[in-house]
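Please walk through this structure with me.

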Amino acid sequence: MNNDIQQKQKPQPLRVVHIETLNRKGQGVGKTDAGGKLTAPYTIPGEIVEVRKIRRREGVLQQILAPSPHRVQPACRHFGVCGGCSWQHIDYARQLQYKCDRVFQRFLDCAVPLDRVSLEIESADPFEYRNRMDFLWWHNGRFGLRERGKWYSAVNLEECRLLPEAVMQTALEVNRRVKELGLPYRDGKHKIPGLRYLIIRRGVFTGDIQLSFVTDSLRLPPVLWDGLEHVNSVYQLVNDNLENDNSDGEPIHLWGEPFYRERIGEREFCVGPRSFFQPNPVMANRMVDFARQTAAAFKTKQGLIDLYCGIGLFALSLSDCFEKVIGVENNAEAVALAKRNAGGSPVRFACLEAEKWDWPDSQDYDALLVDPPRTGLHPKIIETLKTKPFQNILYVSCNPSRGVEDIAALFDVYELSAVKLFDQFPQTVHVEMIAHLLRKS
Ligand SMILES: C[S@@+](CC[C@H](N)C(=O)[O-])C[C@H]1O[C@@H](n2cnc3c(N)ncnc32)[C@H](O)[C@@H]1O
């Protein structure tokens, strides 16, 4: 036996760890009895745990020697293996506290003072909140999500507490029919084309369900969706590239309506298979309320530009607060739906990259709403916001760590007037933020 193999087979040492904090993935980190530092997923600050060291700084939880008072029994049988949730072992009030503390600390680290604003978090039902799940068909027939930390392995799901039971049953029924028909699963390694993902999306306030099958160029028989309750729209997203594992492809409309509907506030929004929609519509409602209330108090309300507007959620929901509104978005499907969602309202939409927007008639617009992807604002946009300041900016961020950095970059020109967190993602480390920036006088 060579040394390498001996090394691999040697049982790794057990360590007692005093968990002190959570890292950015929400995993406990603490000091070992030997004086080192170890990360231990599924632990809580204050706990003393026994961990098996698997890498230099990483351990696997073996037993809890002194549990936290905030430890609870996870609701889902797949918790700990499934890559979907990371915090089901922490009581919900404590999850909210950790999210607030983390964002508060981020503002401190980026030297943006929070002394004049309070940091509150809004929350609702911590389970069954998601409107979208991308179920994976693995080459061995497993149907579910990836295993936590293992892109090369999938967990077969029998339940998912982030979806209502009826929606989960719809997904499982589609999988049952797939098995009955003996349809092939894609195997990238052996270049076998087949099924890759089932994306299930739903209107939480309408009941609509949209199914999208991400596949190679396969023919899908209607028996896969025939008679499924609430399913109003079916797509195939064709992705013939066996090299990637995206849950996306060229859309073919197979059956029903070309979109599903969601209702937020007084408005109905049509959502297409490749358009973004906020993942937790109950929270999206609260975010829209907050944005409306904040905008209502702006001293001037000439015009609003909504950058990264998607299907028009904010642009349309705020349209009665401003004399004119324009939305900018780079996804053509989303822009077409935004125009449709506008109905008779005079809101305009432009399809292009936000960083290529050349700010025409900018003197007519005194407010800006930005809701960029996790990567934050393009540097060109940050520069424009400094040289062409708006009176008011609403910064919506699904990644406050990055959002606060952008706010810090704008801090010479804008002050922070209000900030609120919205727990769109219970049982995970993620949180949504809306900040109101006011031009300094
Ligand atoms: C976080 S979503 C927000 C969408 C919308 N505000 C909402 O609440 O539904 C970000 C949006 O930005 C779009 N996007 C991503 N990169 C972009 C870019 N460079 N220029 C314009 N839009 C972009 C995405 O297609 C997506 O619709």
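Eight strands form an open sheet in the order β6-β21-β22-β20-β19-β16-β17-β18, and the pairing is mixed. Strands here are DSSP runs of E, at least two residues long, and helices are runs of H or I, at least four residues long, numbered from the N terminus. Two strands pair if DSSP finds at least two bridges between them. At the edges lie β6 (120-122) and β18 (348-351), each pairing on one side only. Neighbouring strands of this sheet are turned by 20° against each other on average, direction ignored. Such angles run from 0 to 180 degrees between N-to-C directions, with axes as lines fitted to C-alpha atoms, for helices over the stretch in contact.

This is a predicted model: local features need pLDDT of at least 70, side-chain atom pairs count only at pLDDT 80 or more, and totals for chains, interfaces and linings use all residues. Residues are numbered from 1 along each chain as its sequence is written.

Look inside the sheet. Strands β21 (residues 414-422) and β22 (residues 432-439) are antiparallel and share 8 bridges. In this pair, K420 stands opposite I434 of β22. Helix α6 (residues 332-341) packs on the sheet and touches β17 (324-329) and β18. The direction of α6 makes about 170° with that of β18. Helix α8 (residues 400-409) also packs on the sheet, touching β20 (392-397), β21 and β22. The direction of α8 makes about 155° with that of β20. Contact means C-beta atoms, placed from the backbone, within 7 Å.

Now the sheet of 7 strands. This open sheet runs β9-β8-β7-β10-β11-β12-β13, with mixed pairing. Its edge strands are β9 (150-156) and β13 (250-256), and each pairs on one side only. Here neighbouring strands are turned by 35° on average, direction ignored. Strands β7 (residues 132-137) and β10 (residues 195-202) pair antiparallel over 5 bridges. D134 faces I199 of β10. Helix α3 (residues 165-181) lies across β7, β8 (143-147), β10 and β11 (209-215). Relative to β10, α3 runs at about 150°.

A hairpin is next. It joins β4 to β5 through 5 residues. Strands β4 (residues 48-53) and β5 (residues 59-66) run antiparallel, joined by 6 bridges. V49 stands opposite I64 in β5.

Turn to the core. A nonpolar core is a set of buried Ala, Val, Leu, Ile, Met, Phe, Trp, Tyr and Cys residues joined through C-beta atoms within 7 Å. The largest one has 110 residues, and L198, I200, L211 and V370 touch the most other members. Helix α4 (residues 281-296) gives the largest share of this core, 6 residues. Beyond residues up to four places away in sequence, V370 touches L307, Y308, L377, I393, Y395 and V396.

Last, the loop between α7 (379-387) and β20, where P389 is found. Why does P389 count as partly exposed? Because P389 has 16 C-beta neighbours inside 10 Å; buried needs 20 or more, exposed 12 or fewer, and partly exposed lies in between. Leaving aside neighbours within four places in sequence, P389 is in contact with V413 and R439.

Terms used
Two residues are in contact if their C-beta atoms, placed from the backbone, lie within 7 Å.
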